[in-house]
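This report describes a strand pairing and a ligand site. Please consult the sequence and the model shown here.

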Amino acid sequence: MTGTIEVLADAEAVCRRAAEGFVRSAEAAVGARGRFAVALSGGHTPRRLYALLADPAGPYRAGIAWDRTHVFWGDERCVPPDSADSNYRMAYEALLAHVPVPAAQIHRMPVEQPDGAGAYARTLRAFFGAQPPRFDLVLLGLGPEGHTASLFPGSPALTEATRWVVPVEVEQAVRHRITLTPPVLNAAGQVTFLACGAEKAEALRGVLGAERRPSHWPAQIVQPADGALLWLLDREAARLLPSHRS
Ligand code: 6PG
């Protein structure tokens, strides 16, 4: 099951569609449970989404009960929170500095701690209880080789069945990272991927193709057991998908 795939004109349209979905998820979660728990993604693609959500003149900001919103991350690079490589910093600058989310409801991954993954698992347990965390919304991106969050091809984290958060070492500029694991991603109520640009086209052909090879295409591992899966792609990213070739 690949979920629902929506192909939009460009990255701006993808981010606007994602912002609408964010508002809908927040409204539904606050209506049902009195709070909205979201895991943000890193990378560059969601920056515009975060700016749209924060824009006081835009159509999205007022639709979100920020005081009922609890913010987490899907993965983080082990760099100081003010580093240009920090996923926290990107989300803070683009979104969190501009909306009234109480500081105590912003749950940054504590990458500076010796066991930051264990500490974050305890944070999740304190918030969600003993069951695998059921985020109302998990935002994810896609790397050009098919990784998502910090689940990279061949990584032991891909088969992690018990722990909710693990440290990983990856072949990227920032080698040490912390990531949520498949059991947590797959317990979410809604998972939304954002992928834009021609450099994502090969990975999307693999991830959304018929052959199941999650050790090679890690994003295939994301299959919410009792939740919705949505892929928001721009035309460039979707150009190698059979039904979207232009
Ligand atoms: C990270 C990520 C990662 C990201 C993809 C896409 O910390 O790097 O969370 O999984 O979402 O690599 O990144 P871009 O949006 O920059 O292409």
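## Hairpin

Strands S6 and S7 form a hairpin with 6 residues between them. S6 covers residues 165-169 and S7 residues 176-180; the two run antiparallel and are joined by 5 bridges. Within this pairing, Val 166 has Thr 179 of S7 as its bridge partner. Strands are DSSP runs (E, at least two residues), numbered from the N terminus, and two of them pair if DSSP finds at least two bridges between them.

## Basis of the model

The model is predicted: local features need pLDDT of at least 70 and side-chain atom pairs pLDDT 80 or more, whereas totals for chains, interfaces and linings use all residues. Residues are numbered from 1 along each chain as its sequence is written, and side-chain values use heavy atoms, without hydrogens and water.

## Ligand site

Around the ligand there are 15 residues, of which His 44, Thr 45, Asp 75, Ala 149 and Lys 200 come nearest (a heavy atom within 4 Å counts as near). By class, this shell has 2 nonpolar, 9 polar and 4 charged residues, where Ala, Val, Leu, Ile, Met, Phe, Trp, Tyr, Cys and Pro count as nonpolar, Asp, Glu, Lys and Arg as charged, and the others, Gly among them, as polar.

A polar backbone atom of His 44 lies 2.6 Å from a ligand oxygen atom. For Arg 77, a side-chain N or O atom is 2.7 Å from an oxygen atom of the ligand.

Conventions. Polar contact = N/O pair within 3.5 Å; in protein donor to acceptor, adjacent residues only side chain to side chain. Helix = DSSP H or I, 4+ residues; strand = E, 2+ residues; numbered from the N terminus.
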